[in-house]
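Please open the model and follow the points below in order. Each one takes up a single topic.

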Amino acid sequence: MSKLKYIGRNKMKQDAIKSHDGIELHYAVTDIKEDKPWIALIFPFGLKLDLAIPFLQFFEPQYNVVVWETRSILEDSTREVGKEEFSIENHLSDMKTILDLFPSEKYIVVGYCSGAGIALGAANRYPNLIDDLLLVHGEYTMLKLEECTTNFAREIDSLLSMAGKDESYLQSVFDKIKQERLEETSNRPDGIDMPFTRLEFLRRHSANYLSYKANDFEHLAQWVPHKTLLMSGELDAQANVESTKRIASLIPNAEVYIDPDADHYGLLREDSNTLITIWNYLYGQQANAA
């Protein structure tokens with residue numbers, strides 16, 4: 001059943017739809033206006049829709065915006081997941097299922113963090129669905145290239161790989177992360193660690209991570225036909241600048257913006273420079289097309 005939530009003075013509808021394989025997909029969409037262009041925000045794995053409110057609120061005056069949660073990870077159940085449940089093809093099919101609900105034939109696609117990897121897949125699988133492509137602080141799991149990863153990313157890779165491959169490690173990884181969460185004092189948005197708050201969430205999050213990192217995002221980047229803006233920040237401890245530059249070098253028509261003061265979470269903060277940069281870029285694109 002759909003429900004309305006207010007974003008400032010405006011309304012956001014939250015609803016759910018079944019995927020092609022029967023998974024419940026939760027999505028949110030701003031109050032739809034026929035004359036506005038559409039933005040599809042591909043959210044990171046395991047985040048609740050409420051974390052997208054600053055993005056929706058910022059862009060709602062000029063755009064229709066839709067965002068959805070990743071399949072299964074935060075499902076309120078203890079069920080086991082199948083081997084292919086988190087394949088990139090299923091993530092892309094979920095995106096198509098959501099976007100087919102709306103009247104637009106073209107979307108500005110914004111992929112954030114792990115959503116940037118899914119956006120690369122979408123540019124290959126559904127090129128005609130995408131108008132402009134923006135990859136914001138993308139996580140491309142290029143762990144074999146030392147310059148393209150971070151200590152944080154390597155630690156998370158180690159923990160999630162252990163938890164995903166061996167059930168006997170799952171509880172110990174959960175306990176370790178739980179203790180580190182209690183000791184954490186960094187300026188991260190509330191709710192960013194939701195996949196680590198319950199053992200069943202972590203089990204599915206780890207399975208999804210193993211599937212995600214098996215993809216070759218460098219290969220996908222070579223076949224992106226769209227003009228693409230890639231954004232990163234010098235203070236991003238999770239997805240570093242060099243990985244963004246490497247992916248950009250493989251996309252035929254790419255532009256890179258590096259913010260010296262940006263960490264990983266600007267897209268989730270009200271009126272941040274990350275949101276302003278995206279707004280200004282899209283305004284420039286529209287002006288050039290006019």
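**Notes on packing**

1. The model is predicted. Start with helices α4 and α6. They are roughly perpendicular to each other, because their packing angle of about 110 degrees falls in the 65 to 115 range that counts as such. Helix α4 covers residues 151–165 and helix α6 covers residues 199–213. Their axes lie 8 Å apart.

2. Which residues make this contact? Helix α4 supplies D157, L160, S161, A163, G164 and K165. From helix α6 come L202, H205, S206, Y209, L210 and K213.

3. Now the cores. In soluble globular proteins, nonpolar side chains tend to be buried together. Here the largest nonpolar core has 45 residues. V66, Y107, V109, L120, L135, Y140 and I247 touch the most other members. Helix α3, residues 114–125, gives the most to this core: six residues. A second, separate core holds 32 residues, including L41, L229, L268 and I278.

4. Take Y107 as an example. Leaving aside neighbours within four places in sequence, Y107 is in contact with W38, A40, V66, L99, F102, L129, I130, D131 and D132.

5. How many aromatic pairs are there? The count is eleven. One of them joins F55 and F59, with 4.6 Å centre to centre and 40 degrees between the planes, a tilted pair. Both residues lie in helix α1, residues 53–59, four residues apart, or about one turn of the helix. Are F55 and F59 buried or exposed? Both are buried. Ring pairs also link F55, F58, F59, Y63 and W279 into a cluster.

Notes. Residues are numbered from 1 along each chain as its sequence is written. This is a predicted model: local features need pLDDT of at least 70, side-chain atom pairs count only at pLDDT 80 or more; totals for chains, interfaces and linings use all residues. Side-chain values use heavy atoms; hydrogens and water are left out. A nonpolar core is a set of buried Ala, Val, Leu, Ile, Met, Phe, Trp, Tyr and Cys residues joined through side-chain atoms within 4.5 Å. Buried means under 20% relative accessible area, exposed over 50%, partly exposed in between (1.4 Å probe, protein chains only). Helices (H or I, at least four residues) and strands (E, at least two) are DSSP runs, numbered from the N terminus. Contact means heavy atoms within 4.5 Å. Axes are lines fitted to C-alpha atoms, for helices over the stretch in contact, and angles run from 0 to 180 degrees between N-to-C directions. Angles under 35 degrees count as roughly parallel, over 145 as roughly antiparallel, 65 to 115 as roughly perpendicular and the rest as oblique. Rings of Phe, Tyr and Trp (its six-membered ring) pair if their centres lie within 6.5 Å; planes under 30 degrees apart count as stacked, over 60 as edge-to-face and the rest as tilted.
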